Amino acid sequence: MVEIQQAVGAELDRISEVIDPLGERFAAAGHELFLVGGPVRDAMLGRLQNDLDFTTSARPDETERLLKGWADATWDMGRAFGTIGCRKGDWQVEITTYRAESYDPDSRKPEVDFGDSLAGDLGRRDFTVNAMAVAVPGRAFEDPHHGVVDLAQRVLRTPGRPQDSFSDDPLRMMRAARFAAQLGFDVAPEVVEAMKEMAPRIEIISAERVRDELVKLICAPWPRRGLTLLVETGLAELVLPELPALALERDEHHRHKDVYEHTLTVLEQTIDQEDRLGGPDFVARFAALMHDVGKPRTRKFVEDGTVTFHHHDVVGAKITRKRMKALRFSNDEIDAVSKLVELHLRFHGYGSGEWTDSAVRRYVRDAGDQLERLHILTRADCTTRNARKAARLRRTYDELEARIAHLAEKEEMDAVRPDLDGTQIMEILGLKPGREVGEAYKFLLELRLDEGPQSPEAAEAALRTWWEQRAQG
């Protein structure tokens with residue numbers, strides 16, 4: 001506990017140039033101001049970021065007035081919820097009036113009532129570790145719900161009954177899973193039970209808010225903790241049903257892997273390779289999570305005792321696209337993840353190196369700007385416990401990547417295109433813009449993929465031959 005107090009003191013000293021003058025402005029106007037929630041928690045963990053949250057007795061109009069002349073810029077998009085935001089140097093600040101918040105059973109939007117005390121404000125917060133505050137100026141520490149104890153014990157509890165908290169804002173159930181994944185904390189048994197009991201209430205929350213929590217969870221340091229909690233409580237069945245569906249019943253002879261556990265392992269093995277992408281990457285992680293979602297729909301038991309999942313890559317890509325649309329992801333994210341799911345089996349046709357250079361070019365062309373993520377996903381998808389088999393697969397993929405690098409260096413393969421452009425095609429064949437130019441372009445692209453770069457003269461000769469044969473056929 002002493003270490004935690006020392007940590008928070010050191011972190012607050014680091015930001016004293018921001019919090020103390022701000023607190024003095026509010027105090028001079030007769031208002032209370034407290035640093036609250038996540039920043040206090042993170043200060044105790046020694047990981048304070050540049051986003052600072054405050055709660056105050058001042059109403060939004062008064063807060064806005066007090067920020068003038070101090071903040072570099074202000075904004076009021078959260079005014080309806082009592083929040084005024086501002087920037088001060090490198091710091092992003094949000095100041096919210098004491099409030100009470102609840103959901104109508106049939107509404108997606110919270111009803112906001114301003115409160116009149118810090119105690120009431122802290123009592124309506126999601127978890128005890130987020131219900132601590134520090135007065136500014138003065139630095140008096142307020143912890144009516146013993147959040148510092150829960151922080152030390154690394155456990156998530158709610159300030160009051162979890163049923164009341166989740167009734168007020170059902171998204172807090174997903175936040176419990178997200179914080180478990182971000183902080184590596186356990187969730188108190190009574191909170192888990194309330195999540196199971198109240199899981200259906202998540203359906204009143206907008207798809208966008210669910211999506212944002214899911215992204216934060218998946219990009220956290222320990223996403224398995226959060227995902228398994230979503231599955232255990234039944235929340236996943238409502239927000240990402242493809243995940244619990246992977247827990248296929250295994251036949252008595254164990255003729256196929258546990259797809260659910262395999263998927264979580266692939267996710268963790270993807271994370272282990274993220275240095276290739278520069279850090280946490282949602283697209284790569286979500287593709288790992290979704291890569292086998294086509295298996296439940298394509299599973300077949302064969303007479304010889306084997307189990308097949310033919311075309312689960314194609315089916316899985318369609319399922320992924322549908323789920324991501326329902327969660328309101330951007331088209332770019334949907335396209336990227338779906339492409340990775342559809343291509344994740346392509347490497348298995350490589351065998352022990354039988355692909356021609358043409359096949360390697362097509363692999364690169366089809367992966368496009370997702371090639372690096374496809375490398376990671378393909379490697380992560382190997383979860384066999386057979387060390388010899390795993391080593392063989394790694395060596396084979398090393399060889400494929402080396403071939404890609406060699407061809408890329410020799411042929412500028414990362415920008416594969418025909419050796420003649422549309423203008424040249426029209427000039428050679430005497431065409432005007434239209435479908436025939438597109439067909440000619442496609443022919444030259446296939447030629448480029450099959451045989452590599454062509455000289456302009458060779459490309460023109462091949463184009464004329466193709467055109468003549470097309471006219472005859």
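**Figure 1. Strand 4 and strand 5 of the predicted model pair antiparallel.** Strand 4 (residues 83-88) is joined to strand 5 by 6 bridges. Within this pairing, Cys-86 stands opposite Val-93 of strand 5. The two strands form a hairpin with 2 residues between them. Gly-89 lies in the turn and has a positive phi of about 60 degrees.

**Figure 2. Strand 5 also pairs with strand 2, here in parallel.** Strand 2 (residues 51-56) and strand 5 are joined by 6 bridges. Thr-56 is placed opposite Thr-97 of strand 5. Strand 5 (residues 91-97) is mostly covered, with 5 of its 7 residues buried.

Figure 3. Strand 1 (residues 33-36) runs antiparallel to strand 8 (residues 133-135), and 3 bridges join them. In this pair of strands, Val-36 stands opposite Ala-133 of strand 8.

**Figure 4. Phe-347 and Tyr-397 form an aromatic pair.** The whole structure holds 8 aromatic pairs. In the pair shown, the ring centres are 4.7 Å apart and the planes are at 70 degrees, so the arrangement is edge-to-face. Phe-347 lies in the loop between helix 17 (331-343) and helix 18 (357-367), and Tyr-397 lies in helix 20 (residues 387-411), so the pair ties together parts that are 50 residues apart in sequence. Both Phe-347 and Tyr-397 are buried.

**Figure 5. Phe-443 and Trp-466 form a stacked aromatic pair.** The distance is 5.2 Å centre to centre, with 15 degrees between the planes. Phe-443 belongs to helix 22 (residues 435-451) and Trp-466 to helix 23 (residues 456-472); the two residues are 23 residues apart. Phe-443 has a relative accessible area of 22% and is therefore partly exposed, since the limit for buried is under 20%. Trp-466, at 16% relative accessibility, counts as buried.

**Figure 6. Other contacts of aromatic rings include a cluster and two charged side chains over ring faces.** Phe-282, Phe-286 and Phe-329 are linked into a cluster by ring pairs. Arg-178 lies over the face of Phe-179, 4.6 Å from the ring centre. Lys-295 lies over the face of Phe-309, and here the distance from the ring centre is 4.8 Å.

**Figure 7. Ser-358 makes a side-chain polar contact with Arg-362.** Ser-358 is located in helix 18. With a relative accessible area of 11%, Ser-358 is buried. The polar contact between the side chains of Ser-358 and Arg-362 is 2.6 Å. Leaving out residues up to four places away in sequence, Ser-358 touches Leu-449 and Asp-450.

Methods
Residues are numbered from 1 along each chain as its sequence is written. This is a predicted model: local features need pLDDT of at least 70, side-chain atom pairs count only at pLDDT 80 or more; totals for chains, interfaces and linings use all residues. Side-chain values use heavy atoms; hydrogens and water are left out. Rings of Phe, Tyr and Trp (its six-membered ring) pair if their centres lie within 6.5 Å; planes under 30 degrees apart count as stacked, over 60 as edge-to-face and the rest as tilted. Helices (H or I, at least four residues) and strands (E, at least two) are DSSP runs, numbered from the N terminus. Buried means under 20% relative accessible area, exposed over 50%, partly exposed in between (1.4 Å probe, protein chains only). A charge sits over a ring if NZ of Lys or CZ of Arg is within 6 Å of the ring centre and within 35 degrees of the ring normal. Two strands pair if DSSP finds at least two bridges between them. A polar contact is a pair of N or O atoms within 3.5 Å; within protein, one must be able to donate a hydrogen and the other to accept it, and residues adjacent in sequence count only if both atoms are side-chain atoms. Contact means heavy atoms within 4.5 Å.
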